[in-house]
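Please open the structure in your viewer and keep the selection tool at hand. The stops below are meant to be followed in order.

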Amino acid sequence: MEGVDLSYQRSNFLEISVISEIRQKIEEIDSRCKGQVGEDVVNERIKQLAYSKLLTQVYGKDNSYLVKAYTELGISYLDIKYCQQSREHLLTALKLNDTKYMEDSSKETKEIQIRILLNLAEGYLEEDKLYLKKEKNEEKDRKKLEEEENERYRKIDTAIQIAEKCLIMNQKMYGKDHISNADIYKILAKGNKKLGKYKDARECYQHMFDIYTPIYENSTELAAKLYTKIGKTYYFENK
């Protein structure tokens, strides 16, 4: 055929085939990692990030692949208590998604923004939990202890601020009674308890109870757990 560049067609076909194969590999990784935790999952997510970089940096696809890859890798690190590595990757995902968030106000973009932020908040609280375990076996001078305590409270406060931002975003999308708000209230409750803000923690548990009750009205076990948490925080609030 006159005027048809066959070499261009072949190269274009090859590129499409490679992109399709990379996407398939990413989907396979997602499938293998779903519901799994461990170092093997981290290694799989590292591969996913490498594939995603190929799609965006070599083949010019949008940043959504990178956002997802950094997010999933950050969460997989958090699952095995590697809090610093988790935060580094989640912050990268947040930076990439922030740029997209300004241009795209789609529900999907907002949902992943909330997911990134919630796991960042969870990471700060998990880091504090690990710090408290480690602290029991270490002797420190008073100045160092004060510095670490100040840094500890700063991180917990950051976690609370992040979770509060998530709650506002989530409520705007789904309403105040949506079940997804319960996970955010749970993080807020944990953070406020750590800071000794028992009234705020109790109110968060109460919100969880109010959300869950219409959905799981026959679950006496869930109700009992939340009543216990409400009761404990009420006790410390009035101690």
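This is a predicted model: local features need pLDDT of at least 70, side-chain atom pairs count only at pLDDT 80 or more; totals for chains, interfaces and linings use all residues.

**Stop 1: isoleucine 26.** Select helix α1, residues 6–33, and find isoleucine 26 in it. Is isoleucine 26 buried or exposed? Its relative accessible area is 7%, and the cut-off for buried is under 20%, so isoleucine 26 counts as buried. Now show its contacts: apart from neighbours within four places in sequence, isoleucine 26 meets Gln48, Tyr51, Ser52, Leu55 and Tyr65. For a distance check, pick leucine 73, which lies 47 residues from isoleucine 26 in sequence and 13 Å from it in space, C-alpha to C-alpha.

**Stop 2: the core.** Select Ile116 and Leu188; in the largest nonpolar core, which has 45 residues, these two touch the most other members. Two or more core residues come from each of α2 (39–58), α3 (64–79), α4 (83–103), α5 (107–135), α6 (142–174), α7 (180–194), α8 (198–215) and α9 (220–237). Which element gives the largest share? That is α5, with nine residues. Around isoleucine 116, show Val67, Thr71, Leu90, Ala93, Leu94 and Asn97, its contacts when residues up to four places away in sequence are not counted.

**Stop 3: α8 and α9.** Select both helices. Their axes come within 8 Å and cross at roughly 160°, which makes α8 roughly antiparallel to α9. The crossing is left-handed. Side chains to display include Tyr205, Phe209 and Tyr212 of α8, and Leu226, Ile230 and Tyr234 of α9, among the residues that make the contact. Coloured by class, this contact shows 13 nonpolar, two polar and four charged residues.

Note on methods
Residues are numbered from 1 along each chain as its sequence is written. Side-chain values use heavy atoms; hydrogens and water are left out. A nonpolar core is a set of buried Ala, Val, Leu, Ile, Met, Phe, Trp, Tyr and Cys residues joined through side-chain atoms within 4.5 Å. Buried means under 20% relative accessible area, exposed over 50%, partly exposed in between (1.4 Å probe, protein chains only). Helices (H or I, at least four residues) and strands (E, at least two) are DSSP runs, numbered from the N terminus. Contact means heavy atoms within 4.5 Å. Axes are lines fitted to C-alpha atoms, for helices over the stretch in contact, and angles run from 0 to 180 degrees between N-to-C directions. Angles under 35 degrees count as roughly parallel, over 145 as roughly antiparallel, 65 to 115 as roughly perpendicular and the rest as oblique. A crossing is left-handed if the near helix is turned anticlockwise from the far one by less than a right angle, and right-handed if clockwise. Ala, Val, Leu, Ile, Met, Phe, Trp, Tyr, Cys and Pro count as nonpolar, Asp, Glu, Lys and Arg as charged, and the others, Gly among them, as polar.
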